[in-house]
Amino acid sequence: MRSRRPFLWLLDKECRELLVSRAWWVLLFLMGPLVGVSFIGAVRTYAEVSGLNGTAGGVGEALSPLTGVWAPAFSACELAAVFLLPFVAIRLISGDRLSGALKLEMQQGMSPFARMAAKALVLLAGWLVAMLPPLSAIPLWKSYGGSVYPPELLTLAAGHVLNAGLTIGLAAAMAAIAEHPSTAAIMTLGVTVGTWILNFFGAIQGGWWERAAGYTPAALVAEFQHGLWRLDTTLVALVLTLAGLSMAAIWMRIGIAVRRRAVWSATIGLLAAAAIFACTFLTASWDASESRGNSFPEADERALREIHAPLSIEVHLAPEDPRRLDLEHHALSKLRRAMPRLTVRYVFATSIGLFEQTAAGYGEIWYDLAGRRTMSRATTAEGVLEAIYSLAGMPPPAEAAEAAFRGHPLAVPARGAGTLFYICWPGMVLAGGLLVRRRFQ
Amino acid sequence: MLFEVTGLSKRFGKIVALADVGFHVRAGELLGLIGPNGAGKSTLFECLAGVLPCDSGAVRAGGRTVDARGRRSLLFYVPDGIVPWPAQSVRWALDFTIGFLGGRASLREEVIEQLDLGPLLAQPAGTLSKGQRKRVLLGIGLLTAQPALLIDEPFEGLDLRQARDIAAAFRAHAARGRTLFLSIHQIADAARFCDRFVLLSAGRVCAEGTVPELARLAGANAADLEEVFLALT
């Protein structure tokens, strides 16, 4: 018998439990077809806008593989993280309680946090294996002659790992709190649906709801899909994951009175809330996309950095007004990154703005820079920059033509992708599952 | 004396499962915890092992109260009716007991032989019969290193021959100084295999001692544990 540290024995046990988990094999099996559908569809659309089959060549001149191919291909991970991964996590956490192994293992005296860490590490490793299909699409795309920009791919993959971490933390907490796995599954899905409702509510209500909605898993993934790596969302995701795992560790201490566990959980919740609140003040972010889709042109960013006075913007647009979405996505989100001291205030009376159109001042965007004010109705990046430069009394910088992203059009069909994702990957998973089944029986 | 339990109480809502339970446990003895179904035997073991929170009470050893960490090095509890790591082989479960739970590797072969686990080593625990699972659980317990081993219903699901063999194995381990504290609801079994007894009824300890000591307490002449039990509970 090998001599190992108890933690390594625990890792060994959790790996074995994951290997015999049907939920994990189902997750692996389904990842192939899920990625296949999205990758093949994305490559076809990319090819069509790049001029395939007689479509107007050059339409996709500035087309980026990140938004055109990788975001859709990796979206299978988002789907799996919501609907499949929770069951894998719940099975691994609840299994010990259901079989009675927990009563034996907890007598070892190892910290419950260490025991939960072993489970989380194994689940994360299991998730990385499940990410092999979208990752295997990268060499496939390269074989077509496609362009690959590693920083944006790394950012996208990191976003899905963080999202999986959130799912694992949530499912672990629910599995530890609930007596039965089915209850835990319902609770986990309930929280996920709750975040969707928060997104919906944020879009309608704006304000704090909108800010909170910016930290939901869906919003987190959306940012990483655009190649944007924000420090605050990353840290919030890590805090939530750790809070979930800590709560799971606390509720797995079945030898402690429920009231004490509830008090500890509340403490963890308060600490997590304080940490999240602190994280929201962090403004650092990195635009890892090759197209710099989350940033103004470099010349504009340099010019904006020269403006040291605080800028405040008052926007008279309702949350559901499409102009507000344009303004937010094409200008303000980029402006926040370039000018961290920016404050934006939305003024609105209704959520859709339909009946505010005739109201005086609706649609106006007021800019205030060190007491100087100007108004504009433009919601494009160019319009916003123009207003700021005029307030600052500086000329707009000259456009640097060579720095503009020209895109990577590629008009090829997704050769071999169907074989890889619909036949090879499911076949390998089936063979692996059968081998493991034989090994354990 | 290995340790003593004092003032142990446990309630489930309005139901009193254990009320001011106290008794002594000696080193190297086979101590039987006997009582009817629902007397609180499993609850008592779970509270002692720390897998269930108790409302009050203490374990004392050497004149000092033993904290939770001390209890983990003092005693190990084997629950009844569990199937730990059902997909893993019996061999792995025993190795895991030694590697993770700090069991004694030197006892591995002896325990396998005593409990006749050899033919089961390659089988996943979840595919075993009730009696086989019980033997594996007992093997896990006997491999652990704590001086006191608490086993809930050790003879449940075993036939007479197996029960005798296992009792002999318990006796061999007790002879080396290990204390085996066995919760048994079949009083005839307890009378056959144990040295001393703790009588539990409705969450209270009615008496503790050897059969003659209990008989004296009960005022009965016959040294029959069943009659003594009926008289005292």
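This is a predicted model: local features need pLDDT of at least 70, side-chain atom pairs count only at pLDDT 80 or more; totals for chains, interfaces and linings use all residues.
Biologist: Let's start where the chains meet: how many residues does the contact take from chain B?

Modeller: Two residues are in contact when their C-beta atoms, placed from the backbone, lie within 7 Å. Chain A puts 23 residues into the contact, and the number from chain B is 27.

Biologist: Which helix of chain A gives the most to the side that touches chain B?

Modeller: Two helices of chain A, helix 1 (6–19) and helix 5 (101–105), each supply at least two residues of that side. By class, the side has twelve nonpolar, seven polar and four charged residues. The top contribution is five residues, and it comes from helix 1 of chain A.

Biologist: Now chain B by itself. What radius of gyration does chain B have, and what would a compact globule have?

Modeller: Chain B has nine helices and ten strands, and its C-alpha atoms fill a box of roughly 50 × 40 × 35 Å along the principal axes. A compact globule with 233 residues would have a radius of gyration near 17 Å. Chain B agrees with that, at 17 Å.

Biologist: What share of the contacts in chain B with a separation of 6 or more joins residues 24 or more positions apart?

Modeller: As background, buried residues make up 49% of the 233 residues in chain B. Among contacts with a separation of 6 or more, the share from residues 24 or more positions apart is 70%.

Biologist: Back to chain A: is L63(A) buried or exposed?

Modeller: L63(A) sits in the loop between helix 2 (22–49) and helix 3 (65–83) of chain A. Leaving aside neighbours within four places in sequence, its contacts include Y46(A), V49(A), G407(A) and P409(A). A residue is buried if 20 or more other C-beta atoms lie within 10 Å of its own. L63(A) has 21 such neighbours, so it counts as buried.

Notes:
Residues are numbered from 1 along each chain as its sequence is written. Chains are lettered from A and ligands numbered from 1 in the order in which they are written. Helices (H or I, at least four residues) and strands (E, at least two) are DSSP runs, numbered from the N terminus. Ala, Val, Leu, Ile, Met, Phe, Trp, Tyr, Cys and Pro count as nonpolar, Asp, Glu, Lys and Arg as charged, and the others, Gly among them, as polar. The radius of gyration is taken over C-alpha atoms; the globule rule is 2.2 Å times the number of residues to the power 0.38. A residue is buried if 20 or more other C-beta atoms lie within 10 Å of its own, exposed if 12 or fewer, and partly exposed in between; C-beta atoms are placed from the backbone.
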